[in-house]
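The sequence and structure come first.

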Amino acid sequence: MNRRLFPWLIGLSLVFFVVAPILIVRAPLEQEMGLIQKIFYFHFSAWMAMYLGICILGISSALFLFRRKPAADRLAVSAAEAAIVFGLMGLITGPIWAVKSWGVWWNWDARTTIALILELILVAYLILRTYGGPGSDRLAAGLGMFAMANLPFLYVSTNIWRTIHPPTSVVPTLPVDFGIPLWWSFAGFIVLCLALLTARVRLEEQRATLDRLYLALEDE
Amino acid sequence: MPPLQITDFTQVTLSGVSRHYGRRRALSRVNLVLSAGEIIGVLGPNGAGKSTLLGVLSTLAEPSNGDVRYGDLTASAGGAPLRAQVGFLSHELQLYPELTARENLEFFAGLYGLDRPAERAHEALARASLSERADDLVEGFSRGMRQRLALERTLLHAPRLVLFDEPFTGLDEASCGTLVTRLQQLRTAGRIVVLATHDLDVVSQLLDRAVLLRMGRLSELGSKGSLRERYRAALAEAPRGRRPVPSGPSGSGPGESPA
Amino acid sequence: MRRFLQVTWLVVRKDLRVESRNKEMLLTTLFFAVSCVLVFSFGFVRGGEAIEGSASGVLWITIAFSGTLALGRAFERERHHDALRGLLMAPVDRPAIYVGKLVGVLLLLAVVEALVVVMVAFLFQAPLFRHGWWLLTLLSLGTIGFASVGTLFSAMLLRTRSRAVLLPVLLYPVTIPVLIMGVSGTFALVQPEPDLVLARVWVSLLFFFDIVFVTLALWTFEPVMTE
């Protein structure tokens, strides 16, 4: 299934990413932020792709833990890696925005902080998988579920703790001129995330097949 | 306390049981039937998969392929009531050294939900000839004393299936004798006893049946000659390494389809 | 349910008994907590006065650090002589074992916190006892949140080789919300003009965190512990 899905997804995301710069360039320049405001189009989208990755990680971890489906584990590890990549993108663009907007690179703005913590949890997930030894896939699945359950608490607590980010309501009320490129790149990032996921899952599947072949060979 | 549901079985059947970690194979398509009133020896060099086999039998580890049936039940269907019928004495003795012998026994009697835990502990201490040291910390016990205590702890709930991992290592002659007697009693009582060991001298008189585990593969030992001779002969026969690459997929076994 | 509580009680009593014999965990954790607070004092006290707001942070970080130490030790005891396998082999609801271990850790941390609170109040001139009940609620809920995740992680890491390093690596990121809620809640209590409304917000957040994570831990303990 993955093999057939991947070319479609990657093709679709290509369409999105070729058109996105045109839309972004043609969108009007925001008065206060100037050119830097354009970051927002992919900053926001990268975040969303990261959250998508974490949700997939949490759900597939639960499936693996309770239903013992090896395929779910392969999806979980792929989702974790994809989420790390998109999170990193957000973490790099976040401070660039911050320095223009508030004059400092890092000001513990709520959403950047959440992303940093999530990034830490994801790295911990991969560390556990790498250094946990045999059986660590099961343990990592437990951690994956905890990561997802943490989302609402991180969101609420960090927001109360520190709030100077542009409030969330900015997004829906954005003038159409800003809105179209934003939602366009949002869709592009989500499709790219799914494309990467299918490719990564496919790699894991092939690894599993290789392992199985090795074992079958040894059994002869 | 509510009585645990009785799960009775007189046979344990392993069919095509494999267990692997990534590419490392610990057990490879093991078929074995264990019957009540039998002491089965699982022999083999270190790292042959003996502990993995016992782990799978104890229900703590799940096979990667194949299944284990206790009577008609699988481990996952059996759950806690099935665990109540299994006793497992691993090489590490599963005792708390900071507790006294009596406290150790009473703790496990409580966990197993046995009635009259104090009396049970008392009787078990007598069987282990530790009545006089009952209220001493296990810390101060010799290996032999600990082993006797751990043995009684394993048998406290009268399990149907009893698993021993290298129970003779580090025992003096007297403790060995006690253990042998106790094992024979279990056989008479109609329990299923599995003994993983590489110590042939002590067990040669004891085993009803012996199987050889080597590189995760199981083979029955013949019945001719002494145990030592049979073991030697089987070791010589057993596969030494990877065979040549097969030409087609026809050789793959059940549950191992390389597709 | 009765059987569940009975097993929990057996595990707690066993741990208390072991601890009463050698007091190893209690003394090492207490001493560690004391050293922690002292080390922080040299970082956060200038000219004989604590930097404003540092007390609440020092309090919670000390709890997190000594908690990690206690969690590691609590399960090292089960790993020693493979006792954990004995526990898992018993025909009991396995979550009862988890709750038993959790209660043991909580009792130990309660003693540690009693000392740490007094020390921080004393060394950092913090009015921690001004709203004593609020602080007690914050501390109890925060410790339950931290230890419920920690007990599960510590138990599941027993099978891994590098568990000593992995425990903090996994535990701290996941429990950062507890730390934020605890520190902010405490700060709301000790600032010159206490903000009880804000403290209540943090308390209720902690309460929900505990419910979600204790449930999740009870739910995942069994599948995570079987090989």
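Between domain 1 and domain 2 of chain B there are two residue pairs in polar contact, both residues at pLDDT 80 or more. A polar contact is a pair of N or O atoms within 3.5 Å; within protein, one must be able to donate a hydrogen and the other to accept it, and residues adjacent in sequence count only if both atoms are side-chain atoms.

This is a predicted model, in which local features need pLDDT of at least 70 and side-chain atom pairs count only at pLDDT 80 or more, while totals for chains, interfaces and linings use all residues; side-chain values use heavy atoms, with hydrogens and water left out. Residues are numbered from 1 along each chain as its sequence is written, and chains are lettered from A and ligands numbered from 1 in the order in which they are written.

**Domains of chain B**

Chain B is divided into domain 1 (9-85 + 159-239) and domain 2 (93-158), with bounds from an automatic or database domain assignment. The two domain centres, taken over C-alpha atoms, are separated by 25 Å. Domain 1 of chain B brings 17 residues to the contact and domain 2 of chain B brings 12 residues, where contact means heavy atoms within 4.5 Å. About 1,100 Å² is buried between these domains, 62% of it from carbon and sulfur atoms; buried area is the accessible area (1.4 Å probe) that two parts lose on being put together, summed over both. B:Pro159, B:Leu171 and B:Arg182 supply 40% of the area that domain 1 of chain B buries against domain 2, more than any other three residues.

One salt bridge is counted between the two domains. A salt bridge is a side-chain nitrogen of Lys or Arg within 4 Å of a carboxyl oxygen of Asp or Glu. The side chains of B:Glu152 and B:Arg182 form a salt bridge at 2.8 Å, N to O.

**Chain A against chain C**

Chain A gives 29 residues to its contact with chain C, and chain C gives 35 residues. The area buried between these chains is about 2,700 Å², with 82% from carbon and sulfur atoms. On the side of chain A, A:Leu139, A:Phe146 and A:Phe153 lose the most area to chain C, together 27% of what that side buries. Helices H2 (39-67), H4 (110-131) and H5 (136-161) of chain A each give two or more residues to the side that touches chain C. Helices (H or I, at least four residues) and strands (E, at least two) are DSSP runs, numbered from the N terminus. H5(A) gives the most to that side, with 15 residues.

**Positive phi angles**

Most residues other than glycine have a negative phi.

| Residue | Phi | Loop | Relative accessibility |
|---|---|---|---|
| C:Lys23 | about 50 degrees | between helix H1 (2-22) and helix H2 (24-44) of chain C | 39% |

Buried means under 20% relative accessible area, exposed over 50%, and partly exposed in between (1.4 Å probe, protein chains only).
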